[in-house]
Amino acid sequence: MAMRYDYFSAPSDEIAASLIDALGGPTRVPAQANGTPAWDTLSVSGVEPSLHLVELEEIMTGVDFNDILDTPRAGSTLHSSADNEAIISTVSDPLQAVLADAKEEKLADVAVEWSRSEEFDGTVDAADVAAFLHNLAGLARRARSRGERIYCWVSF
């Protein structure tokens, strides 16, 4: 079974961490009474926050991969489930900011470069990467407008 990654936004680390035991992750939390989803989420396979998103940040900011790993929130584990079947990871503030500010043309160019990166090992289609990147930038924009940060619920 493939690992699943649910990227989502939350107003605080504490609230994000509280989702660790949500059955099926934040995408499966029941909608509010008015039909609005409980969480703003984006699900994907194979885009790991401490590897792929660090590479994405390197491409988008020009900061070296290893230097990004040394910064707070760059794919760091915020909380893990008691059975270690799921973790909540953080997404770095600089990556969230650059995604929120990115123009569509920039995202298209970045998607091509990112899809060819060593971390994907030639296993992804540039069009799929572009669609995910577009959706991730949208999540970053919405999160910023609400004063929230982005996290990733990882299911093993």
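Predicted model: local features only at pLDDT ≥ 70, side-chain atom pairs only at ≥ 80, totals over all residues.
Residues are numbered from 1 along each chain as its sequence is written, and side-chain values use heavy atoms, with hydrogens and water left out.

The buried residues are His-52, Leu-53, Val-54, Glu-55, Leu-56, Glu-57, Ile-59 and Met-60. What do these buried residues of H2 pack against? They pack against strand E1, helix H3 (65-69), and helices H4, H5 and H6, where contact means heavy atoms within 4.5 Å. After H2 comes Gly-62, whose phi is positive, near 80°.

One of these neighbours, H4, can be followed in more detail. The axes of H2 (residues 52-61) and H4 (residues 93-101) come within 10 Å and cross at roughly 60°; such axes are lines fitted to C-alpha atoms, for helices over the stretch in contact, and the angles run from 0 to 180 degrees between N-to-C directions. H2 and H4 are therefore oblique to each other, since angles under 35 degrees count as roughly parallel, over 145 as roughly antiparallel, 65 to 115 as roughly perpendicular, and the rest as oblique. On the H2 side the contact is made by Leu-53, Leu-56, Glu-57, Met-60 and Thr-61, and on the H4 side by Pro-94, Leu-95, Val-98 and Leu-99. Sorted by class, the residues of this contact are seven nonpolar, one polar and one charged, with Ala, Val, Leu, Ile, Met, Phe, Trp, Tyr, Cys and Pro counted as nonpolar, Asp, Glu, Lys and Arg as charged, and the others, Gly among them, as polar.

Helices H5 and H6 form another crossing. Their axes come within 8 Å and cross at roughly 130°, which makes H5 oblique to H6, and this crossing is right-handed. From H5, the residues Glu-104, Leu-107, Val-110, Ala-111, Trp-114 and Ser-115 meet Ala-126, Val-129, Ala-130, Phe-132, Leu-133, His-134, Ala-137 and Arg-141 of H6. By class, ten residues of this contact are nonpolar, two are polar and two are charged.

The aromatic rings come next. Rings of Phe, Tyr and Trp (its six-membered ring) pair if their centres lie within 6.5 Å, and planes under 30 degrees apart count as stacked, over 60 as edge-to-face and the rest as tilted. By this rule the count comes to five aromatic pairs. In one of them, Phe-8 and Trp-39 are edge-to-face, at 6.2 Å centre to centre with 75° between the planes. This pair links distant parts of the chain, with Phe-8 in strand E1 (residues 4-10) and Trp-39, 31 residues apart from it, in the loop between helix H1 (13-17) and strand E2 (41-45). Phe-8 counts as buried, at 0% relative accessibility. Trp-114 and Phe-132 form a tilted pair, 6.2 Å centre to centre with 35° between the planes. Trp-114 lies in H5 (residues 104-115) and Phe-132 in H6 (residues 126-146), so the pair ties together parts that are 18 residues apart in sequence. Trp-114 is buried at 0% relative accessible area, and Phe-132 is buried at 6%. Ring pairs also link Tyr-7, Trp-114, Phe-120 and Phe-132 into a cluster.

Two single residues complete the tour. Arg-141, in helix H6, is partly exposed, with a relative accessible area of 28%. Arg-141 and Ala-100 are 41 residues apart in sequence, and their C-alpha atoms are 4.5 Å apart in space. Gln-96, in helix H4, counts as buried at 7% relative accessibility.

Terms used
Helix = DSSP H or I, 4+ residues; strand = E, 2+ residues; numbered from the N terminus. Buried < 20%, exposed > 50% of the residue type's maximum accessible area, 1.4 Å probe, protein only. Left-handed = near helix turned anticlockwise from the far one by under 90°.
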